[in-house]
Amino acid sequence: MTSLDVRGDLWIGDAALIRNLALEIPARRWSCLLGPSGVGKSTIARLVAGLPGTQHLRGRLQTGDGVPLTGRVALLAQSGQLMPWADAVQNVTIGARLRGARPDRSRARALLEQVGLAGLAHRRPSELSGGQRQRVALARVLIEDAPVVVLDEPFSALDTATRLAMQDLAAKLLKGRTVILITHDPLEALRLSDRAWLLGPDGSEMLSLPDGFTPRDFRAPALLAAQAALLARLTGKVACAG
Amino acid sequence: MRWLNAAPLRALLALAVALSIWQVVVWLTDVPHFILPSPIRVGEALWVNAALLAEHARFTATNLLVGMAAGVALGVATALNLALSPVARLMLRPMLIFAQAVPVFALAPILTLWLGYGGTSKIVIVMLVIYFPVTSAFFDGLMRLPAPLVDLAHQMRATPLRRLFLLQVPNALPALISGLRLAIVYAPFAVIIGEWVGSSRGLGYLMLMSNGRGQTDLMFAALSVLAAMSLLLFATLEKLVSPAP
């Protein structure tokens, strides 16, 4: 478990996306990057996860323990990255098989039970709902047991009730890891974050968060007030930009 | 009319309708049987020449199957190599495209000259004809790994070989099956053309001979055996791939 320090300008190809990023991501906590579509949130996810692409940081990406991030990041993307031809257990164990290690099928089954998919271990993605598919992807993140977890809009495609349930589940199961949650949903950011930034082309601005432990109750007045204030700011920004 | 929904029944019905129309046309026009034999006459020819047809069909079917197996194996191996090695792609791809521009059927005479009148020349023609559709369909499928799965391979630090067999090959299976469907269409063409160019056996040879001798009913009988063979190949492939999604 490590902290992360991301500082500098984020570029994709020869275009600057975000200038003056300053993200001090604490170890073992949930950090949230909130921002509108197209601002470059997912590019940060790809940068941290070390995925191929033309993104690069003119600045520095440092880990608290000085060890490079390579191989220490698990990613859960909106698409889930599931193989349509494989069942849930095979999808969860694909990491081990791709690395040539022995897949731990019994642990995969146990994790699938933990994410609430008991009895569905042999279903293929097409036989699962959107929420169930993301649960499989979550089980895969858990089996990888990485100290840093990047969640790139993991619940964006889900209906509201399923999304809230998945937020609670992810908060419970990923506790103690360094989590970077990327979202455009203010409520999600306010419920799950220990630290949160609002991203724009000119930089990252730290947000003030309601008190209390995460996942915060979505009915709590303080949370709702914070959401209202944040929404007002966001709509104001869009109106100005438009 | 619910029973009409069963595909084999519908096929049989369509066949029966076509044969009836054929029969009626022959009756009404009174066309000489050496120009167009009636289906009944063809049926008789099938019955009377069953042993002869079976012998020639065996020769054709053997060449067809061996040629297809060789073509598919070679095509799959080529596609896997191309997918795995950028150097191979650089070297082989232009050659493949160039080779594809040559109509392989046109090579049948020279292949017969090189390899003789026996089965080998037919096997090689079938192999060459189906090699390209199988290779290019499978290769395209291998290279079209969806972006999220490309990311997955990266994230999990997959070796190229494991990425190929665990992600790219399963992803390319539907494409390979399309290639095999094409192969099944082309392969009977190829084997018959091989026999037309030079052979003393096989259904293609039999068709050519009986046609020349005015035994049109035997020609049609051989043709129907060939059609049955193609249908059997199709049915086998569909049966094999049906459990996969």
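User: Which pattern does chain B follow when read along the sequence?
Analyst: In this predicted model, where local features need pLDDT of at least 70, side-chain atom pairs count only at pLDDT 80 or more and totals for chains, interfaces and linings use all residues, side-chain values use heavy atoms, with hydrogens and water left out. Residues are numbered from 1 along each chain as its sequence is written, and chains are lettered from A and ligands numbered from 1 in the order in which they are written. Chain B has 10 helices and 0 strands, where helices (H or I, at least four residues) and strands (E, at least two) are DSSP runs numbered from the N terminus. Read along the sequence, the pattern of chain B is α-α-α-α-α-α-α-α-α-α.

User: What percentage of the residues of chain B count as buried?
Analyst: A residue is called buried under 20% relative accessible area, exposed over 50% and partly exposed in between, with a 1.4 Å probe and protein chains only. The C-alpha trace of chain B spans about 75 × 55 × 30 Å along its principal axes. Of the 245 residues in chain B, the share that counts as buried is 40%.

User: How much area do chain B and chain A bury between them?
Analyst: The contact, meaning heavy atoms within 4.5 Å, takes 18 residues from chain B and 21 residues from chain A. Buried area is the accessible area (1.4 Å probe) that two parts lose on being put together, summed over both. Carbon and sulfur atoms carry 65% of the area buried between chain B and chain A, and that area is about 1800 Å².

User: Which residue of chain A forms a salt bridge with Asp151(B)?
Analyst: A salt bridge is a side-chain nitrogen of Lys or Arg within 4 Å of a carboxyl oxygen of Asp or Glu, and the rule finds 1 across the interface of chain B and chain A. The closest N and O atoms of this pair are 2.7 Å apart, and the partner of Asp151(B) is Arg46(A).

User: Which helix supplies the largest share of the side of chain B that touches chain A?
Analyst: On that side of chain B, α7 (147–155) and α8 (160–197) each supply at least two residues. The largest share amounts to 7 residues, and the helix that gives them is α7(B).

User: How far apart do the C-alpha centres of domain 1 and domain 2 of chain A lie?
Analyst: Chain A is divided into domain 1 (4–72 + 148–241) and domain 2 (84–145), with bounds that come from an automatic or database domain assignment. The contact between them takes 11 residues from domain 1 of chain A and 10 residues from domain 2 of chain A. The distance between the C-alpha centres of these two domains is 25 Å.

User: How many residues apart in sequence are the parts that Asp145(A) and Arg177(A) tie together?
Analyst: Arg177(A) and Asp145(A) form a salt bridge with their closest N and O atoms 3.0 Å apart, and the rule finds 1 salt bridge across the interface of domain 1 of chain A and domain 2 of chain A. Arg177(A) is buried at 12% relative accessibility, whereas Asp145(A) is partly exposed at 48%. Asp145(A) lies in the loop between α5 (130–144) and β6 (148–152) of chain A and Arg177(A) in the loop between α6 and β7 (178–183) of chain A, so the parts tied together are apart in sequence by 32 residues.
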